[in-house]
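Hi,

Here is the structure I said I would pass on.

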There are 2 protein chains.
Amino acid sequence: MTGSQATAPAPAPTDPGSGRDAILRAARRAFTQRPYADVTIRGIAADAGVSPSLVVKHFGRKEELFKTVADFGPAAEELFDAPLDELGRHMVITLVRRRREQQTDPLLRVVFSLGNRDERSLLRDRFHEQVTEALTARLPGHERALRAELIAGHLLGLGATLSLHREGAGALATPEHLADLYAPALQTLIRG
Amino acid sequence: MTGSQATAPAPAPTDPGSGRDAILRAARRAFTQRPYADVTIRGIAADAGVSPSLVVKHFGRKEELFKTVADFGPAAEELFDAPLDELGRHMVITLVRRRREQQTDPLLRVVFSLGNRDERSLLRDRFHEQVTEALTARLPGHERALRAELIAGHLLGLGATLSLHREGAGALATPEHLADLYAPALQTLIRG
């Protein structure tokens, strides 16, 4: 904290515990809610309740932290981790639970990259590869790429509308009830 | 063009023609693609191919132009202009056609307001009133507010995925074919 220890070469962290998770959550929030240029390590650290030097120790500078946060792999793995005939329901319930537990949407941040041609295109490329193409590869039947794009649309739309109506009817509904209403459409696109 | 005429007081415009439309399209693009603070009248004028003073003459300063652009009323009127039993298909086809004709999504810009608490909250309030509540009022059956939120989610998600996969399979599909795949889910939510 007073400087000398924080800047001394540190051994690799052996506890991937709550500090790391809190930093990741804060970084996802920051890169979702603000333009890239306005995000600071200091702000992320303050939000996570840790020192800026701890953020840098775990994740490096802003660009490296952004690359870590731009990884949709773990979210996609969790969202797609169900047999095909239950996948629609699993995706809706998982998405809603993750949003509520982690106070951030696992996919929606890619939408904020749409207006931004430079640094954020990494987000789009990762999304194509880790979400749309991964889903395309799992789908049976015809027009798999088109159906995967539309399934991604359903998931992004669910996150968007829940974020947009934070005090609305969707905020009060259980994940299972949201799946009752929203998952049949996904399942139809999955089945093909 | 050389100054004296452009800055002289001008009579109210009598032709609400292509100049106005071009300015509105450019303004929607600008407020969608950039944070509010980065949008300039000068940039909008350049994109629309008109002088900055013409923008101000038609729409006022940036804040007034933003309020005009934050109006979802005309888009909602067009999207919802069909009998209930054809509304799902009508919404998908209308959304896709509008996106392609006007090179901007009629609803998606509200999503960009999510991370922004101050000036953009107007966008969310207008969306709630002109889209979600208008839709709620038209729906039959139970849980109308929840279903309206999810229908809004489907529409936002369609726009998001088409924007995200600009060179993808969805970009090559006809509006009618997209409706074949995407509208049945909307229609189920509309029917209740």
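Let me start with the interface: chain A and chain B bury about 3,300 Å² between them, and 72% of that is on carbon and sulfur atoms. Before you go further, please keep in mind that this is a predicted model.

As for what makes up the contact, 39 residues come from chain A and 39 residues from chain B. Going through the polar side of it, I get 13 residue pairs in polar contact between chain A and chain B, counting pairs with both residues at pLDDT 80 or more.

Which elements give two or more residues to the side of chain A that touches chain B? They are α8 (121–138), α9, α10 (169–172) and α11 (175–191) of chain A. The largest share of that side comes from α9(A), with 14 residues.

Now the symmetry. Chain A superposes on chain B through a rotation of 180° with 0.0 Å of shift along the axis, at an RMSD of 0.0 Å. That is the relation of a two-fold axis. If you want to find the axis on screen, go to A:G157: its C-alpha is the one in chain A nearest the axis, 1.8 Å from it. The same surface serves both copies, as 100% of the contact residues of chain A recur in chain B.

Since α9 keeps coming up, here is a bit on the copy in chain B. Helix α9 of chain B covers residues 144–164, which is 21 residues. From its first C-alpha to its last it reaches 30 Å, close to the 30 Å expected at 1.5 Å a residue. It is also mostly covered, with 19 of the 21 residues of α9(B) buried.

Is A:T161 buried or exposed? Its relative accessibility is 1%, so A:T161 counts as buried. What does A:T161 touch, leaving aside its neighbours within four places in sequence? The contacts are B:E149, B:A152 and B:G153. With B:E149 there is a polar approach as well: a polar atom of the side chain of A:T161 lies 2.6 Å from the backbone oxygen of B:E149.

That's what I have for now.

Cheers

Methods:
Residues numbered from 1 in each chain as written. Chains lettered and ligands numbered in written order. Predicted model: local features only at pLDDT ≥ 70, side-chain atom pairs only at ≥ 80, totals over all residues. Heavy atoms only, no water. Least-squares fit on C-alpha atoms with pLDDT ≥ 70 in both. Contact = heavy atoms within 4.5 Å. Helix = DSSP H or I, 4+ residues; strand = E, 2+ residues; numbered from the N terminus. Expected span 1.5 Å × (residues − 1). Buried < 20%, exposed > 50% of the residue type's maximum accessible area, 1.4 Å probe, protein only. Polar contact = N/O pair within 3.5 Å; in protein donor to acceptor, adjacent residues only side chain to side chain. Buried area = accessible area lost by both parts, 1.4 Å probe.
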